Amino acid sequence: MLKAVAFDMDDTLLSINLTAFIAVFARDEARLLADIGRKSPLAALAGLGGVLHDLNANARAESDARTNRAYVDDEIERRLGIPLSDPVIADAFEYYEREVLPRRNDGVVAARPRPGAHEAVEEVVGRGLRIALLTNPSFSRACIECRMAWGGMLDMPFELVTTMENSTRCKPDARYYLESLEVLGLDPHEVLMVGNDPKRDIPFPDCGIQTAYVGRGTPPRATWCGSMEDFARNFDEVEERFYMRAEREAGRPR
């Protein structure tokens, strides 16, 4: 039985020039690192970029159970010699992400609610289904809440929002998805993932979570494809396809 719908955020519930946002974010944080560590801005940017690349590539031993936050802190200290876990340094980055970053939504970043996003969440919640925000946890809670605010999502009743602080892997690693569902007390066959990225929002390897795809194209592993507006208007069809696939994979009638 479908019990919950998990939404991606960037370009799913939130329209955003994600490349521009990441460029602004990385530039600003690299400047902070350079100032704090007395490094050149280019060296700080290269170090930060390398850490974030490895984080998103899940370039870690299977036995590594550190949170993404701990992984980034450890790697920044190893590569740049800057202890992000130091309370004074941590406060500087927290201040930037809470007070400065929210003002970076300019005409290039252009973050705003994606058409159909609020209607989709309302439709799902109105049917008594649980919701979670499974956004790629390569950013801190403060940074993710900044973008949630741009999309008018802070008041949405998400039972879980994944962040660097509460996740140990990034998308599309099936471990990330399964750990998130464990927190929610759900099994993979009880959840529908909604996302726009065929490489990240469809778990790899397959772990039993179905995906409603709201990006470009029609990925073969997606259960349903369309826009967020279509998802909101045609949730009966989405749900029907969810159960049809579940029946087919289980080999038994509903």
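Predicted model: local features only at pLDDT ≥ 70, side-chain atom pairs only at ≥ 80, totals over all residues.
Visitor: What's the strand order in the open sheet?
Guide: The order is E4-E1-E5-E6-E7. That makes five strands, with parallel pairing.

Visitor: Which strands stand at the edges?
Guide: Strand E4 (130-133) and strand E7 (224-225) do. Each has a single partner strand, so one side of each is left without a neighbour in the sheet.

Visitor: Stay with E7. How many bridges pair E6 with E7?
Guide: Two, in the parallel sense. Strand E6 covers residues 210-213.

Visitor: And what stands opposite Cys-225 in E7?
Guide: Tyr-213.

Visitor: Which strands does helix H9 lie across?
Guide: Helix H9 (residues 235-250) lies across strand E1 (4-7), strand E5 (191-195), E6 and E7. The helix runs at about 150° to E6.

Visitor: New topic. How much space lies in the largest pocket?
Guide: About 440 Å³. The lining has 21 residues.

Visitor: Which of them are the closest to its centre?
Guide: Leu-18, Ile-22, Asn-56, Asn-136 and Arg-200.

Visitor: Which elements give two or more residues to that lining?
Guide: Helix H1 (18-37) and helix H2 (41-56).

Visitor: Which gives the most?
Guide: H2, with four residues.

Visitor: And how do the lining residues divide into nonpolar, polar and charged?
Guide: Six are nonpolar, seven polar and eight charged.

Methods
Residues numbered from 1 in each chain as written. Heavy atoms only, no water. Pairing = 2+ DSSP bridges. Contact = heavy atoms within 4.5 Å. Axes fitted to C-alpha atoms, helices over the stretch in contact; angles between N-to-C directions. 1 Å grid on protein atoms, 1.4 Å probe; cavity = no way out; pocket = protein on both sides within 12 Å on 5 of 7 lines; lining within 4 Å. Points joined across faces, edges and corners; volume = space filled by probe spheres on them. Nonpolar A, V, L, I, M, F, W, Y, C, P; charged D, E, K, R; others polar.
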